[in-house]
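Reader: Please take me through the side-chain contacts of this model, beginning with the aromatic residues.

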Amino acid sequence: MNQILSAAKRVGLLEGLNNTRQAERLVAFTLGYRAKSSRSCKIEAAKNAIAKGHAIVKAETARRVDDWTCEEFQDVFFKVREVERIVCADAYNISIKDGEAAGQPIRNFHVHVVPRFEDDAIEGDEIYELIDDWTPTGTKNKNKGAPMELPDDSQRRARTAEVMRNEAETYRKLTGFVVPSESTAIKFGPHSIPIQDQVFYKSSLSFALVNLKPLQVGHVLVCPLRSVDRIRDLREDEISDLAKSVLKVRAMLYEQYGAKGFNIGIQDGKAAGQSVPHVHVHLIPRGRQR
């Protein structure tokens with residue numbers, strides 16, 4: 001292991017890691033020594049890393065989310081949590097480009113897990129530009145995906161309850177979710193969300209809601225029912241249910257919009273841009289056909 005650590009140090013793999021134990025674990029994943037992998041995916045240090053400790057959860061054969069079984073996709077979420085245990089950071093940007101229409105740069109399905117620190121040099125939305133441009137070879141990604149005009153934050157306006165209620169009702173017809181007869185609400189961080197206004201899906205441990213300020217049509221959120229800030233705080237059953245719910249909501253969005261791809265992302269912590277201290281997965285359909 002000492003020889004492996006020395007070699008990794010020479011190529012800069014260990015820069016920014018806090019201690020030898022973190023270094024050992026990251027090298028172990030990368031070089032296959034006590035490798036943490038499954039039949040479906042593995043963890044490796046990112047080539048052409050965006051930031052120190054940048055890791056990739058990568059499929060052995062799968063190309064799209066469509067290629068996963070539910071159990072395999074749940075394993076992806078567990079692998080993301082494992083990465084966070086390897087490299088301790090203040091926060092993490094987690095990003096999946098699901099399909100060419102979403103800007104996927106390589107053939108294999110992969111998840112970026114980018115450690116973020118309160119004092120790092122990446123500012124604002126620059127992280128998304130860096131992920132958009134990333135390839136393992138260092139050449140700039142030429143695939144920007146289906147056209148998507150992102151409004152400036154200053155131009156994003158909160159939608160009315162009526163507009164969100166109409167959108168949620170459209171989705172409920174596809175998910176089969178029925179709003180309880182009594183007036184109820186769900187906690188989303190410090191906010192109390194009226195179910196009839198925004199929630200269109202609910203399982204025993206997760207829920208999905210339409211976005212107050214969507215980046216584009218179909219941009220929705222999937223969250224655990226229990227209000228926790230970080231992925232690391234979720235129980236195993238909550239992580240499993242969250243991943244399963246993401247698959248169900250993704251299928252609903254495909255049925256509604258005929259999307260050719262999806263951007264799937266999590267801002268796990270304030271330093272990663274998290275605006276509401278409650279774990280939430282962003283789903284954005286790309287390349288709508290209808």
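Reader: How many aromatic pairs are there by the rule?

Author: The rule pairs rings of Phe, Tyr and Trp (its six-membered ring) if their centres lie within 6.5 Å; planes under 30 degrees apart count as stacked, over 60 as edge-to-face and the rest as tilted. By this rule the count is four aromatic pairs.

Reader: Which kind of pair do the rings of Tyr171 and Tyr257 form?

Author: This is a predicted model, in which local features need pLDDT of at least 70, side-chain atom pairs count only at pLDDT 80 or more, and totals for chains, interfaces and linings use all residues. Residues are numbered from 1 along each chain as its sequence is written, and side-chain values use heavy atoms, with hydrogens and water left out. The ring centres of Tyr171 and Tyr257 are 6.4 Å apart and the planes stand at 80°, so the pair is edge-to-face.

Reader: Which helices do Tyr171 and Tyr257 tie together?

Author: Helices (H or I, at least four residues) and strands (E, at least two) are DSSP runs, numbered from the N terminus. The two residues are 86 apart in sequence, so the pair ties together separate parts of the chain: Tyr171 lies in helix H5 and Tyr257 in helix H7 (residues 236–257).

Reader: Is Tyr257 buried or exposed?

Author: Buried means under 20% relative accessible area, exposed over 50%, and partly exposed in between (1.4 Å probe, protein chains only). Tyr171 has a relative accessible area of 1% and is buried. For Tyr257 the value is 10%, so this residue is also buried.

Reader: Which residues form one aromatic cluster?

Author: Tyr171 and Tyr257 belong to one cluster.

Reader: How many salt bridges does the structure hold?

Author: A salt bridge is a side-chain nitrogen of Lys or Arg within 4 Å of a carboxyl oxygen of Asp or Glu. The structure holds 17 salt bridges.

Reader: Arg81 and Glu236 meet in a salt bridge; how many residues apart in sequence are the parts that the pair ties together?

Author: The side chains come to 3.6 Å, N to O. Arg81 lies in helix H3 (residues 70–86) and Glu236 in helix H7, so the pair ties together parts of the chain separated in sequence by 155 residues.

Reader: Where are Asp98 and Arg250, which meet in a salt bridge?

Author: The side chains of Asp98 and Arg250 meet at 2.8 Å, N to O. The pair links distant parts of the chain, 152 residues apart: Asp98 is in strand E3 (residues 91–98) and Arg250 in helix H7.

Reader: Which helices hold Asp197 and Arg165?

Author: These side chains form a salt bridge at 2.9 Å, N to O. Asp197 and Arg165 are 32 residues apart in sequence, so the pair ties together helix H6 (residues 195–198), which holds Asp197, and, for Arg165, helix H5.

Reader: Which residues do salt bridges that share partners join into one network?

Author: Asp98 and Arg250, both buried, belong to this network. Its members are Arg64, Asp66, Asp98 and Arg250.

Reader: What is the phi of Asn48?

Author: Asn48 is in the loop between strand E1 (41–45) and strand E2 (55–59). Most residues other than glycine have a negative phi. Asn48 has a positive value, near 55°.
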